[in-house]
Amino acid sequence: MTPFSETLRSATWADHEAAEAEDYLRLLMAGRLSEQEYGEMVAQHYFAYVALEAASRRLAGHPVAGRFVFPELYREEALERDLLTVYGPSWRERIAPSKATRTLVARIDQVADWPGGYIAHHYTRYLGDMSGGQFIRVELERIYGYGAGGGADFYRFDAVGSLPRFKQEYRARLDALELDEAERQRVVREVRLAYQLNTEVLAELLHVVRPAA
Ligand code: HEM
């Protein structure tokens with residue numbers, strides 16, 4: 001049987017391409033957004049990761065989902081540092097979850113008591129942040145002059161050590177899940193949904209930074 005990590009990747013790569021092609025990310029990577037406009041994405045990440053990490057904390061002792069709880073990945077504090085850097089000490093009053101983020105957060109909360117659902121959202125975010133996210137970090141540091149300590153800390157995983165080794169271990173845990181074919185398909189569907197919901201967050205951001213687009 002194909003390792004589940006490979007199935008997951010190949011069955012959802014078209015959704016990945018759609019996420020990666022979002023115009024907001026293109027403008028960001030081209031250095032065409034102001035720092036505050038970049039902050040709009042950081043703010044939306046903040047609300048999504050607060051929800052994801054609340055689920056992680058609740059599931060730490062779960063026999064299946066607990067294998068996908070990694071405190072060394074938690075992003076909430078890094079995002080707070082990034083928001084402080086972009087918006088200053090009043091950052092909390094400056095940010096609010098968008099409609100698409102509220103939909104994403106509601107879905108994370110809704111599926112969190114199903115191990116496959118939690119794993120689907122966890123995989124879509126953290127494995128991406130540790131993959132393409134590393135390229136994004138290099139660009140953000142070049143564009144905005146950030147270093148360690150705030151701005152793009154979201155993409156720094158100092159507590160993890162070697163990212164390739166961690167991703168290898170993560171995939172081994174995906175492969176070790178005991179899922180029948182129907183459950184595999186259900187998880188694939190949830191990853192596809194997770195990509196779509198995350199892509200909608202980016203699409204909505206474009207209308208914030210380029211209202212006429
Ligand atoms: C500029 C935007 C992006 C670029 C350039 C990018 C690039 C990449 C690349 C090159 C990989 C493969 C890395 C490897 O094989 O180790 C990857 C993996 C991944 N990316 Fe992205 N990505 C972007 C945006 C996103 C977004 C927005 C998401 C999710 C919402 C995402 C989720 C993922 C996931 C889950 C993987 C792991 C796939 C797997 O190996 O199973 N990426 N990305």
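Visitor: Which side chain makes a polar contact with the side chain of Arg-173?
Guide: A polar contact is a pair of N or O atoms within 3.5 Å; within protein, one must be able to donate a hydrogen and the other to accept it, and residues adjacent in sequence count only if both atoms are side-chain atoms. For the side chain of Arg-173, a partner at 2.7 Å is the side chain of Glu-169.

Visitor: Before we go on, what sort of model is this?
Guide: Residues are numbered from 1 along each chain as its sequence is written, and side-chain values use heavy atoms, with hydrogens and water left out. Local features need pLDDT of at least 70, side-chain atom pairs count only at pLDDT 80 or more, and totals for chains, interfaces and linings use all residues, since this is a predicted model.

Visitor: Is Arg-173 buried, exposed or partly exposed?
Guide: Buried means under 20% relative accessible area, exposed over 50%, and partly exposed in between, using a 1.4 Å probe and protein chains only. Arg-173 has 27% relative accessibility, so it counts as partly exposed.

Visitor: How far apart are the C-alpha atoms of Arg-173 and Phe-4?
Guide: Along the chain, Arg-173 and Phe-4 are 169 residues apart.

Visitor: What about Arg-142: buried or exposed?
Guide: Arg-142 sits in helix 8, and its side chain makes a polar contact of 2.6 Å with the side chain of Glu-139. Its relative accessible area is 55%, so Arg-142 is exposed.

Visitor: Let's turn to the ligand. Where does the ligand sit?
Guide: On a 1 Å grid over the protein atoms alone, a pocket is an open set of points where a 1.4 Å probe fits, with protein on both sides within 12 Å along at least five of seven lines. A molecule sits in one if more than half of its atoms lie within 2 Å of its grid points. By that test, the ligand sits in the largest pocket.

Visitor: Which helix gives the largest share of the shell around the ligand?
Guide: A residue is near a molecule if one of its heavy atoms lies within 4 Å of it. Helices 1 (4–20), 7 (115–129), 8 (132–144), 9 (163–175) and 10 (181–209) each supply at least two residues of the shell. The largest share, five residues, comes from helix 1.

Visitor: And which residue has a side-chain N or O atom 2.4 Å from an oxygen atom of the ligand?
Guide: There are 18 residues around the ligand, and those coming nearest are Arg-9, His-16, Tyr-123, Lys-167 and Arg-171. His-16 has a polar side-chain atom 2.9 Å from a ligand nitrogen, while Tyr-123 has one 2.5 Å from a ligand oxygen. The residue at 2.4 Å from a ligand oxygen is Arg-9.

Visitor: Which side chain does a polar contact of 2.4 Å join to that of Asp-129?
Guide: Asp-129 lies in helix 7 and is buried, because its relative accessible area is 3%. Residues it touches, not counting those up to four places away in sequence, include Gln-134, Phe-154 and Phe-157. The 2.4 Å polar contact joins its side chain to that of Tyr-49.

Visitor: Last one: is Ile-108 buried or exposed?
Guide: Ile-108 is found in helix 6 (residues 99–111). Beyond residues up to four places away in sequence, it touches Ala-48, Ala-51, Leu-52 and His-121. With 5% relative accessibility, Ile-108 therefore counts as buried.

Key: On a 1 Å grid over the protein atoms alone, a cavity is a set of points where a 1.4 Å probe fits but cannot get out, and a pocket is an open set with protein on both sides within 12 Å along at least five of seven lines; lining residues have an atom within 4 Å of a point. Helices (H or I, at least four residues) and strands (E, at least two) are DSSP runs, numbered from the N terminus. Contact means heavy atoms within 4.5 Å.
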